[in-house]
Amino acid sequence: MSIMKALKSLPVAIATAATIAVIAPVGTPIFGPDVAQAQEKPKKKKSTRKVPALSLDFHKKITKGQEAMDVKNFAEAKTIINGALERKGVNNYEKAVAFQYLANIAFEEEQPREAIRYYEQILDVREQIPEQLEISLLFNLAQLWYVQEDFDKSLQYINEWEPRAEVISVNQLIFISQIYYTKSDYPKTIEYVERGISESEAAGLEIKENWYQLILSSYWELGNFAKVRDTLELLLINWPKPSYWTQLAGVYGELGQEQTSFSVTEAAYKQGFLNDKPQQLVNHAQILLSRNAPIKAAWVLRDAFKDELVEQTADNQKTLGQAYLLAAEYQDAVGPLSAAAKEDADGSLWFQIGQVLSQLDRHAEAAEAFQNAINIDSTDSAADAKKRLLSATMLKGTSYTELKKFKEAKAEFTKARRIAKNAKERRSVKQWEDYLKIEEEREKILADAR
């Protein structure tokens, strides 16, 4: 039930006879039907206030106003009740009764500010209304100002009400905790929620999940991760939701308990609790990589791609390819690495792909990969790109050598000799050229022998 709806349900039958000298309670708690108390209600103190009686004439007018309200004729009801207020000799208690009716009309017309004004006018004559009514008014004004998002005013009335309340219900304690939360007073928030939980436990009443969520948020704001962990563990036991698993894993990480964080994340993954969290799936794969479990990392991303849980971006494809490489699954690594290299125009990645393809004896594809690396690195001013350019050119030549394309291989080694900057690099090129000559001679001998 919303706050406004609950407040609109306040009783309107305040007085039924001229001799009645007690106004009905003003309101009900904003969180719906009140929770039973964990302690016995103490005996009421006898009030020393003298409350005047309603005159018969005033009662008749109020009754007519009530009849108009019953048929939703609020304009006529206000006219009748305001007329009753204007009569001579109206006492303060009668004013309070009239203001109560006018407040209820304001609720019906969705004018909470007007309702507040009438309630505060009742408090202006508080010495001539029943004390219990005054106490109820204080709490309801706290509720109304909360609805208006004036949390200072709301707390002001709570501070006036609380010391005088004979019993504070669990729902009222939770309401007060919410006021403190909106004011960023997290220690007070925790204090009042814990009081509500304690009293509920003592009475064997239901404890609500959102109470612990309020505590959780407060500890998080305070940076008390040990308490955040404890609260999340309790939530996880009683309300095992996927979000609590992932949050708990994160908190263990904040506390430096990496192994526990990993174990919780792994448990969440196996239960499918990461399926709607793409970044956490990727993070889990990366953690598996860092923990020397590359094939498991590959499986996480492979399945996530297959089920369309994670977008196949260049970075994610690269992570998958690297996972396969580290797991020595070279055939599987080529596809995702190539997809990443194409999207990012990454010379270093094409160079790595060429090396993998060479190791797989896929030399024609390797030559293409090295050429892609050369195309990118030749226009890159970075020092490592220039250094890689020489290696890519020589390795392209070796791929042609393995394919027995000796003419093309010679052309690549000639290019490599031009790129070489020093004696060491030139010696390296010379070694590959010598290898080419040996392979070319060997192939000629075999051809002559056929």
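This report walks through the fold, salt bridges, surface charge and backbone of a predicted model.

## Overall picture

Let us start with the whole chain. The protein has 22 helices and 0 strands. Of its 450 residues, 44% count as buried. Among contacts with a separation of 6 or more, 56% are between residues 24 or more positions apart.

The protein exposes about 23,200 Å². Carbon and sulfur atoms supply 50% of that area.

## Salt bridges

Side chains of opposite charge can pair when their charged atoms come close. In this model the count comes to 26 salt bridges. One of them joins the side chains of Lys 78 and Glu 109, with an N to O distance of 3.1 Å. Lys 78 sits in helix α3 (residues 74–86) and Glu 109 in the loop between α4 (92–108) and α5 (112–124), so this pair ties together parts that are 31 residues apart in sequence. Lys 78 is partly exposed, at a relative accessible area of 28%, and Glu 109 is also partly exposed, at 28% relative accessibility.

Some salt bridges share partners, and in this way Arg 126, Glu 131, Glu 134, Glu 160 and Arg 164 are joined into one network.

Leaving aside neighbours within four places in sequence, Thr 398 is in contact with Phe 413 and Trp 432.

Glu 440 lies in helix α22 (residues 423–449) and Lys 410 in helix α21, so the pair ties together parts that are 30 residues apart in sequence. Glu 440 counts as partly exposed at 27% relative accessibility, and Lys 410 is partly exposed with a relative accessible area of 41%.

## A negative patch

Now for the surface. Which residues gather in a patch of negative charge there? They are Glu 311, Asp 315, Glu 343 and Asp 344. Asp 315 belongs to helix α16 (residues 314–326). Why does Asp 315 count as exposed? Its relative accessibility is 53%, and the cut-off for exposed is over 50%.

## Two loops with positive phi

The backbone deserves a look too. Most residues other than glycine have a negative phi. Asn 292 is not a glycine, yet its phi is positive, at about 60°. Asn 292 is found in the loop between α14 (278–290) and α15 (294–306). With 70% relative accessibility, Asn 292 counts as exposed.

Lys 404 also has a positive phi, of about 65°, although it is not a glycine. Where is Lys 404 placed? Lys 404 is in the loop between α20 (383–402) and α21 (406–419). At 41% relative accessibility, Lys 404 counts as partly exposed, because that value falls between the cut-offs of 20% and 50%.

How values were computed: Residues numbered from 1 in each chain as written. Predicted model: local features only at pLDDT ≥ 70, side-chain atom pairs only at ≥ 80, totals over all residues. Heavy atoms only, no water. Helix = DSSP H or I, 4+ residues; strand = E, 2+ residues; numbered from the N terminus. Buried < 20%, exposed > 50% of the residue type's maximum accessible area, 1.4 Å probe, protein only. Patch = residues over 30% accessible without salt bridge, like charges linked within 9 Å, V, L, I, M, F, W, Y side chains within 5 Å. Areas by Shrake-Rupley, 256 points an atom, 1.4 Å probe, with all protein chains shown as cover. Salt bridge = Lys/Arg side-chain N within 4 Å of Asp/Glu carboxyl O. Lys, Arg positive; Asp, Glu negative; His and termini not counted. Charge placed at Lys NZ, Arg CZ, Asp CG, Glu CD. Contact = heavy atoms within 4.5 Å.
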